[in-house]
Amino acid sequence: MNNSAKYVAYVSSYTTNQKDKYGIRIYDVDMENGRLYEKDQVEITNSSYVTISHNRRFLYSITDFGVEAYRILADGSLEALNRASINGMRGSYLSTDYTDSWLFVAGYHDGKITVLRLLEDGSVGEIADEVFHKGLGSIAERNFRPHVQCVKMTRDNRYLCAADLGLDHINVYSLNHRTGKIRQIDIIHSDIESAPRHIKFSGDGRFLYVVHELKNTISVYSYSDKGDDPQFERIQTVSTLNDYHAGVSAASALNISEDFRYLISTNAGDNSVVIFSIDQETGLLEKKLCLPVSGDYPKDAALFPDNRHLVSLNHESNTMTFFTVDLDRGLIVMNGKELKVEQPNCIIFHRLIQAGTE
């Protein structure tokens, strides 16, 4: 990591129960001390998830109105570009392809994937495709219908993976890079009643990581592409919990450190964070720690870019809590007082582009 690099952090949150309408907050990152200092607020309703384009120039957010696009300014502030409808219920997750030509939106509530065109100036264009998942899940009380929770491209930019928490599988789609149309070509089956929630790929793209909400597990898959025939093979499943965990718990977050050496997840109910090291050759995970976060329902958690500090977004206690991390010893130690944020959902660290460096 470049020690002189400067970062900001974007935190999304719900606004329904707030007195204000600021669904995105921007923080200056104090890397040395592992703290965040608020510098700006963005008025947006119910920002359930945000993502940054791969060229690092634009930020996109879920909103009640569909999606909203922002230009990232030199100091990390956001300049609104436009908003676009997704022709359905409010989304739960969004991501771009690796050329930043297409924006994919996951629909938890209506079980839909929406593909929107991205324009050269970063704004969101028209809807290119809409695909509804079909089928019945295994848990009548909740998973009786599709819930698309996460959508993410393979790193070779060939296939879109869509985690369906309701149907216990991940649909794999080919992408027509000219039209934005997607076509299902494979299914990755998860265990029954496991509820795949979020997915991430390793830095080199050879491994897929899937966190399962109801089983509190992370599965590792090897990935290869045999000429328009993607191959996913499960090679490991690990628990996100300790043996002495709280009785009722649900896995939530899934993040990878900036250097791709560590995988981070959280457990609601148990109210803990778990960190795994990633074997760079085999992709396999080794648990380094699983410890309390001093907050209720850690919906997201992330290592600071230097891997020496951690922040947990505690959705039900309306706080962010901070920790100093010793990964060699498997310890986290509370670092200063909590920071109040109403119903935080996710956090993204963003390295500022320094003049003359890009």
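Two strands count as paired if DSSP finds at least two bridges between them; strands themselves are DSSP runs (E, at least two residues), numbered from the N terminus. The model is predicted, so local features need pLDDT of at least 70 and side-chain atom pairs count only at pLDDT 80 or more, while totals for chains, interfaces and linings use all residues. Residues are numbered from 1 along each chain as its sequence is written, and side-chain values use heavy atoms, with hydrogens and water left out.

Move to Gly66, in strand E6 (residues 66–72). Gly66 is buried, at 4% relative accessible area (buried means under 20%, with a 1.4 Å probe and protein chains only). Beyond residues up to four places away in sequence, Gly66 touches Ser61, Ala84, Ser85 and Ile86 (contact means heavy atoms within 4.5 Å).

Finally, display the largest nonpolar core, of 59 residues; such a core is a set of buried Ala, Val, Leu, Ile, Met, Phe, Trp, Tyr and Cys residues joined through side-chain atoms within 4.5 Å. Leu59, Val67, Leu78, Val124, Val151 and Phe232 touch the most other members. A second, separate core of 17 residues includes Tyr7, Leu313, Val341 and Phe349.

Note on methods: Buried means under 20% relative accessible area, exposed over 50%, partly exposed in between (1.4 Å probe, protein chains only). Helices (H or I, at least four residues) and strands (E, at least two) are DSSP runs, numbered from the N terminus.
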